[in-house]
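User: I've just opened this one and I'm new to it. Can you walk me through a few parts?

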Amino acid sequence: HLVPNITIGLVVVKFMRKCTHLALDVNLMIKNPAKFVGAFVNAGSDMITVHIETVSLKELQAIAKGLKKSKVKLGISLNPGTPLAKIKPALELVDFVLVMSVNPGFGGQAFIPGAIKKISQLRAIFTKDIAVDGGINALTAKLVKQAGANVLIAGSYIFGSKNIKQAINSLR
């Protein structure tokens with residue numbers, strides 16, 4: 001484990017695939033993700049994110065090659081305490097970058113403002129999708145979009161809202 005809890009495992013992904021044709025985006029917050037990537041592809045994942053803190057460039061190259069053959073998109077995640085320079089060598093291998101704006105593992109955390117600068121610096125060198133996860137609400141959504149993020153992940157804000165549709169609309 002990279003984080004102390006597991007939100008959705010292989011079995012859930014497998015059964016979700018039977019229920020929807022929507023893209024299934026799996027964030028592997030685990031050590032040694034290369035051991036599990038194939039199983040998540042077989043379960044029906046369309047997008048797989050691994051954390052730069054858990055893979056070497058050589059491992060990431062092998063994962064990228066395998067996912068390309070399977071037509072599954074690869075993302076690389078960057079934790080708040082990890083400098084942007086750590087993922088620069090990986091940018092040519094990935095389809096998107098996930099900037100964590102909280103320390104991964106638990107929902108409901110407060111947004112870490114340092115993510116805004118990281119997103120802006122990343123956008124200056126990366127033209128593909130930039131996702132941001134953690135502490136996203138109506139206010140922080142505006143800030144990260146202005147910095148260059150174009151995919152927002154907002155679990156607690158949406159599911160903790162009394163009006164889910166209104167919460168989603170506030171992010172747009």
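User: How many bridges join β5 to strand β6?
Analyst: There are 3 bridges between β5 and β6 (residues 151-153), and the two strands run parallel. Strands here are DSSP E runs of at least two residues, helices are H or I runs of at least four, and both are numbered from the N terminus. Two strands pair if DSSP finds at least two bridges between them. From β5 the chain crosses through helix α5 (residues 138-147) to β6, a right-handed β-α-β crossover. Right-handed means that, with the strands pointing away from the viewer, the path from the first strand over the helix to the second runs clockwise.

User: Before I go on, what kind of model is this?
Analyst: It's a predicted model: local features need pLDDT of at least 70, side-chain atom pairs count only at pLDDT 80 or more, and totals for chains, interfaces and linings use all residues. Residues are numbered from 1 along each chain as its sequence is written, and side-chain values use heavy atoms, with hydrogens and water left out.

User: Ok, back to β5. How many of its residues are buried?
Analyst: In β5 (residues 129-133), 4 of the 5 residues are buried, so the strand counts as mostly covered. Buried means under 20% relative accessible area, exposed means over 50%, and partly exposed is in between, using a 1.4 Å probe and protein chains only.

User: And which way does β5 pair with β4, parallel or antiparallel?
Analyst: Parallel, over 5 bridges, with β4 covering residues 96-100. Met-100 stands opposite Asp-133 there.

User: What about β4 itself, how many of its residues are buried?
Analyst: 5 of its 5. Phe-96, Leu-98 and Met-100 point one way, Val-97 and Val-99 point the other way, and all are buried. In a regular strand the side chains alternate between the two faces of the sheet. β4 also pairs with β3, in parallel, through 4 bridges. The bridge partner of Leu-78 is Val-99 in β4.

User: Let's switch to helices. Which residues of α3 are buried?
Analyst: Leu-60, Ile-63, Ala-64 and Leu-67. They sit on the same side of α3, because they cover an arc of only 105° around the axis. That arc is taken from the directions from the helix axis to the C-beta atoms. An α-helix has 3.6 residues a turn, so residues three or four places apart point the same way.

User: What covers them?
Analyst: The cover includes α2 (34-43), β2 (47-51) and β3 (73-78). On the face turned away from the buried side, α3 carries the exposed residues Lys-58, Ala-62, Lys-65 and Lys-69.

User: How far apart are the end C-alpha atoms of α3?
Analyst: They are 20 Å apart, which agrees with the 20 Å that its 14 residues (57-70) should span at 1.5 Å a residue. The expected span is 1.5 Å times one less than the number of residues. Just after α3, Lys-71 takes a positive phi of about 60°.

User: And α2, which residues are buried there?
Analyst: Val-37, Phe-40, Val-41 and Ala-43. Their directions fall within an arc of 155° seen down the axis, so they line one face of α2. What covers them includes α1, β1 (25-28), β2 and α3. The face turned away from that buried side has the exposed residues Lys-35 and Asn-42.

User: Where is Ser-45 found?
Analyst: In the loop between α2 and β2. Ser-45 counts as buried, at 4% relative accessibility. A polar atom of the Ser-45 side chain lies 2.9 Å from the backbone oxygen of Phe-40.

User: Which residues is Ser-45 in contact with?
Analyst: Leaving aside neighbours within four places in sequence, Ser-45 contacts Val-13, Leu-24, Val-26, Phe-40 and Val-72. Contact means heavy atoms within 4.5 Å.

Note on methods: Polar contact = N/O pair within 3.5 Å; in protein donor to acceptor, adjacent residues only side chain to side chain.
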